[in-house]
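Biologist: Could you walk me through this one, and tell me what stands behind each term you use?

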Amino acid sequence: MTDTYQSIDVPFEYRHTCWFCGEPYYESYAFMASPNYDNQTQPILIPSCQECFGICRGIKAGGLDLLRDKVKEGLHKKYQKHLQIGVNWTKEELEESEFEGKALEGFRESAWAMYEIAKGRVNYTGWPLTIDGLPVASMSTAFHVEFDGITYTSINQAVEQLAKAYAIPQAYLEDVVQLVGRDRLAYAIRFAKTTYGYSAAEREASIGSLRALLAEEQALAEAAPKAKQGVDVPLSEIKELILHRTLIPTPAIQWILKRGVTSLQQLAEAEDKFFEHFGQDSELTAFTYFNAIQIYLEQREIDLDWAENHDPNHHLFKHI
Ligand SMILES: [Zn+2]
């Protein structure tokens, strides 16, 4: 047992606040990493509310960010019903609903407040952890996922909680998310919710049709840029021009013509390649050229008459 502790810095406005969830302070939790990879020598005191303090005591974590995530998961579990209020109701619906009987009326009056409190606590990010002004540890939030205004510690936790909230079998939602990708959680939930039936055979059929749907989507996405072929035009045939006091340089125009880039969207997709190419001269050149080409393509997009009749290079774009 050590008798020395390190206290984290607490900014004045947070001096009575739980670092994990923002509720009123109860006691400081003495954190020791377990497993202790970074050879932590003294416990670090983290201000906690009574609930988070209780949750902390049952947790083993190798770092403060993991401890924080596990506390959040504990809160998610405990307040699952409250958090689901936001899934099942909007504030307006709840206000207009006609619950009868004392208990139900009470529910209506307090439900939204309970949802907002629970949401505020799981989303609370604490203040930056420092001891005597020096950062305590790198606090990763790389795995966090936000859905519908609520933060989850990982995609797995999000799927677990959302499967419950939307009454979707968890294993099925996992399969759907795996297919569509973690960035498309809303799409995954929409799909899983509208699936007809959850028997093994029905789920398998739905997964099959989702696969087909995604393959089709991908084929369309791949077909679109391929339809455009670039043209190789010598510099001497390209006219330099000035737009909004910006010179649009011919090498940059030549580059986009060669790659069939005719819209801002396509330019955004080709941004890395553009910088790779012109960055060889200098970063500044690449930046200046890119900025100029953005202005050029924007002008062509918003003023079609100009693009058709007044752009000195309009005939070159016709070949794309
Ligand atoms: Zn707390």
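Biologist: What makes Cys-18 count as buried?

Modeller: Its relative accessibility is 0%, and buried means under 20% relative accessible area, exposed over 50%, partly exposed in between (1.4 Å probe, protein chains only). Cys-18 therefore counts as buried, and Cys-52, with a relative accessible area of 0%, is buried too. Do keep in mind that this is a predicted model, where local features need pLDDT of at least 70, side-chain atom pairs count only at pLDDT 80 or more, and totals for chains, interfaces and linings use all residues. Residues are numbered from 1 along each chain as its sequence is written, and side-chain values use heavy atoms, with hydrogens and water left out.

Biologist: Which atoms coordinate the zinc ion?

Modeller: The SG atoms of Cys-18, Cys-21, Cys-49 and Cys-52 do, at 2.2 to 2.3 Å. Donors are N, O and S atoms within 2.8 Å of the metal (3.2 Å for Na, K and Ca), and water is not among the atoms, so sites may look incomplete. Along the chain the donors follow the spacing C-x2-C-x27-C-x2-C. Cys-18, in the loop between strand S1 (6-7) and strand S2 (27-31), and Cys-52, in helix H1 (residues 50-57), are 34 residues apart and link distant parts of the chain. Helices (H or I, at least four residues) and strands (E, at least two) are DSSP runs, numbered from the N terminus.

Biologist: Why is the site of the zinc ion called tetrahedral?

Modeller: The angles among its four donor atoms are 103 to 115°, and four donors count as tetrahedral if all angles lie between 85 and 135 degrees. The site is tetrahedral.

Biologist: How do you know that the buried residues of H7 are on the same side?

Modeller: The buried residues of helix H7 (residues 170-180) are Tyr-172, Leu-173, Val-176, Val-177 and Val-180. They cover an arc of only 135° around the axis, so they are on the same side of H7; the arc is that of the directions from the helix axis to the C-beta atoms.

Methods
Four donors count as tetrahedral if all angles lie between 85 and 135 degrees; four count as square planar and six as octahedral if opposite donors are over 155 degrees apart and all others between 65 and 115; anything else is irregular.
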